[in-house]
Amino acid sequence: MKKITAIILAAALFLVSGYSAMADDNEIKNEINSVNSQIAAIDKEIEELESQKSSKSKEIVKINSELSELSASIEDIKAKINENTAALNLAESQSQESFDKFSERLMLAYEQGSNAYIALLLGSEDLFDMIERINLINEISSHDREIYQKYKDNKDTIASKQSELVSEQEALESQSGKFNEELASRSAELADIVSKIGSKNTEKSTLNSKLEGLNTSLSSMNYADKLFAEAEKYLGMPYVFGGSTPETSFDCSGFVCYATTHSGVYDLPRTTAQGIYDQCIKITPAEAKRGDIIFFQGTYNAGETVTHVGFYAGDGKMLHCGNPIQYTSTQTSYWQSHFYAFGRLKVQ
């Protein structure tokens, strides 16, 4: 009767823990689907941002190309302005030179008296000579006027061209300024897009880390499911000291070694409770989860620190080879007083 009661109680505990595991499993799967959806949405956003980045980069390249052409044109105009300035200076110099020579002639005429040209005419030998001298005086005056007009026209032409070039330079520099403003604006937009891509990649990285953790948890649950599916085959079997197979039944360490190995999750050769503990990663009670191994001390004199072992089922329960193999609460005063540690096989 006691054995039947123990089996019924173990089955009840199994159903509760199994339902909890299934619920957790579904919750994790739902969360994994949610995270995958978020990652897919972020990937789409990143793709759109990358497209915008490419478009902005092309715009910037185009503006830079136009700026380069404008800069070349401005430099060309500056060179022409320099050439015109030199030509203008030369024209002014030549004009000044002509003016100086003309002034010298006027000064000479003044020094010789206002009648210098009359004296020149009166010195004529005859009428024909006088006419020649009049023509010479007219030619000299005409030549002076032509020289003056030539250099004046040349200077005016150069000055006009200089003004046009300066205006053209100012227009190009104004256009260049607008291009630089546009370039600054596009560059700021590109920097903003790059920043958004960085933020999205960081967000994606965080979600990938979360996804990795969820998959690890799911994998761990699958590990536990396989482990408990094997171990529960032997519910109700009696405790047999030194037993390690279904044919002989089990002791606590024989049960854990056999179920772990035959579940396919980890090859754990037959050893003692202490031997199992030595192969585990030590974890805190807060870190313990279904499928971990729980260890006890001082349950009998075995010559080793760890004397009893079982599978932790979560929610303060364990599946172990007591007498019989059953689910048991670890919250009783007996098990609490003998509790030693939790461990996790390195496969998880």
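## Basis

Residues are numbered from 1 along each chain as its sequence is written, and side-chain values use heavy atoms, with hydrogens and water left out. Because the model is predicted, local features need pLDDT of at least 70 and side-chain atom pairs count only at pLDDT 80 or more, while totals for chains, interfaces and linings use all residues.

Strand β6 (residues 317-321) pairs with β7 in the antiparallel sense over five bridges, where pairing requires at least two DSSP bridges between the strands, and strands are DSSP runs of E with at least two residues. Of the five residues in β7 (residues 325-329), four are buried, that is, under 20% relative accessible area with a 1.4 Å probe and protein chains only.

## Cysteines

The whole structure contains zero disulfides, a disulfide being a pair of cysteine sulfur atoms within 2.5 Å. For Cys-257 the nearest cysteine sulfur, that of Cys-252, is 9.2 Å away; Cys-257 is buried at 3% relative accessible area. The sulfur of Cys-321 is too far for a bond, because its closest cysteine sulfur, in Cys-252, is 7.1 Å away.

## Aromatic pairs

Rings of Phe, Tyr and Trp (its six-membered ring) pair if their centres lie within 6.5 Å, with planes under 30 degrees apart counted as stacked, over 60 as edge-to-face and the rest as tilted; the count comes to 14 aromatic pairs. Phe-250 and Phe-255 are edge-to-face, since their ring centres are 5.9 Å apart and their planes at 65 degrees.

Technical notes:
Buried means under 20% relative accessible area, exposed over 50%, partly exposed in between (1.4 Å probe, protein chains only).
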